[in-house]
Amino acid sequence: MDLAASTTAALVTISNLPADIFIIGALALAGTFDGYRTGAAYASSAALALICASYLSALFPHTALIATLPPAPYQAAALVGVLAVIFFFLLRRMTEVFGYGTSGLVSGLLAGAGFTAIVVSVWVGTPALDAVWAFGPSIKTVVSESYRLYLIVGGCAALAFART
């Protein structure tokens, strides 16, 4: 067996993968490790905070102080990020006991899958976040408007069942 040829073939295959796969994999691993360590509490709060921030980002052009700011390339994405952080802390305080004592492998896998499904769905559906990272056409096809509702509801269901 030629080890050099096998290694080269594997590296060529990995280098041909889109960066989106690695980003989604990193999100899934982060959600899974955190879900395994502490339960679904942080992943649930972060996913719900991103949903709230994305929904409220449509109100930016009509908001008194924000609408008067001169437009900048990443201004809308930064505002979504600030809203997501604020909502994370608010939701974390509201759901403080949610997810404690339920850590484990199945809980971690469900939390990682649910967190990833919600984050990618919301990211693709929020135009302000597209300026930061635009997912490729293959990911946009999977997370199109036709399936986005199902992915978000499925992600929320996975996060809910990760608690049990």
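Reply: **Helix packing and pockets**

Helix 6 and helix 9 pack with their axes 8 Å apart, at an angle of about 155 degrees. The model is predicted, with local features needing pLDDT of at least 70 and side-chain atom pairs counting only at pLDDT 80 or more, while totals for chains, interfaces and linings use all residues. Residues are numbered from 1 along each chain as its sequence is written, and side-chain values use heavy atoms, without hydrogens and water.

Helices are DSSP runs of H or I with at least four residues, numbered from the N terminus. Their axes are lines fitted to C-alpha atoms over the stretch in contact, and angles run from 0 to 180 degrees between N-to-C directions. Helix 6 and helix 9 are therefore roughly antiparallel to each other (over 145 degrees; under 35 is roughly parallel, 65 to 115 roughly perpendicular and the rest oblique).

On the helix 6 side of this contact (heavy atoms within 4.5 Å) stand Ser107, Leu110, Ala111, Gly114, Phe115, Ala117, Ile118, Ser121, Val122, Val124 and Gly125. They meet Arg148, Leu151, Ile152, Gly155, Cys156, Ala158, Leu159, Phe161 and Ala162 of helix 9. By class, this contact of helix 6 with helix 9 has 14 nonpolar, 5 polar and 1 charged residues (Ala, Val, Leu, Ile, Met, Phe, Trp, Tyr, Cys and Pro are nonpolar; Asp, Glu, Lys and Arg are charged; the others, including Gly, are polar).

Helix 6 also packs against helix 3. The axes of helix 3 and helix 6 come within 9 Å and cross at roughly 15 degrees, which makes helix 3 roughly parallel to helix 6. Here Ala43, Ala46, Ala47, Leu50, Ile51 and Ser54 of helix 3 meet Ala111, Phe115, Ile118, Val119 and Val122 of helix 6. The residues of this contact of helix 3 with helix 6 are 10 nonpolar, 1 polar and no charged.

Helix 3 (residues 41-56) has a further partner in helix 5 (residues 75-94): their axes lie 8 Å apart at an angle of about 135 degrees. That angle makes helix 3 oblique to helix 5. Helix 3 contributes Ala41, Tyr42, Ser45, Ala46, Leu48, Ala49, Leu50, Cys52, Ala53 and Leu56 to the contact. From helix 5 come Val80, Leu83, Ala84, Phe87, Phe88, Leu91 and Arg92. This contact of helix 3 with helix 5 has 15 nonpolar, 1 polar and 1 charged residues.

The largest pocket has a volume of about 220 Å³. Of the 15 residues lining this largest pocket, Ser57, Phe60, Pro61, Ala76 and Leu79 are the closest to its centre. A pocket is, on a 1 Å grid over the protein atoms alone, an open set of points where a 1.4 Å probe fits, with protein on both sides within 12 Å along at least five of seven lines; lining residues have an atom within 4 Å of a point. Points are joined across faces, edges and corners, and the volume is the space filled by probe spheres set on them.

Helix 5 gives the most to the lining of the largest pocket, with 3 residues, and helix 4 (64-67) and helix 7 (127-130) each supply at least two. The lining of the largest pocket divides into 12 nonpolar, 3 polar and no charged residues.

The second largest pocket has a volume of about 160 Å³. Helix 3, helix 6 (105-125) and helix 9 (145-162) are the elements that give two or more residues to its lining. Ile51, Ser54, Tyr55, Ser121, Val122, Gly125, Thr126, Arg148 and Ile152 line the second largest pocket. By class, the lining of the second largest pocket has 4 nonpolar, 4 polar and 1 charged residues.
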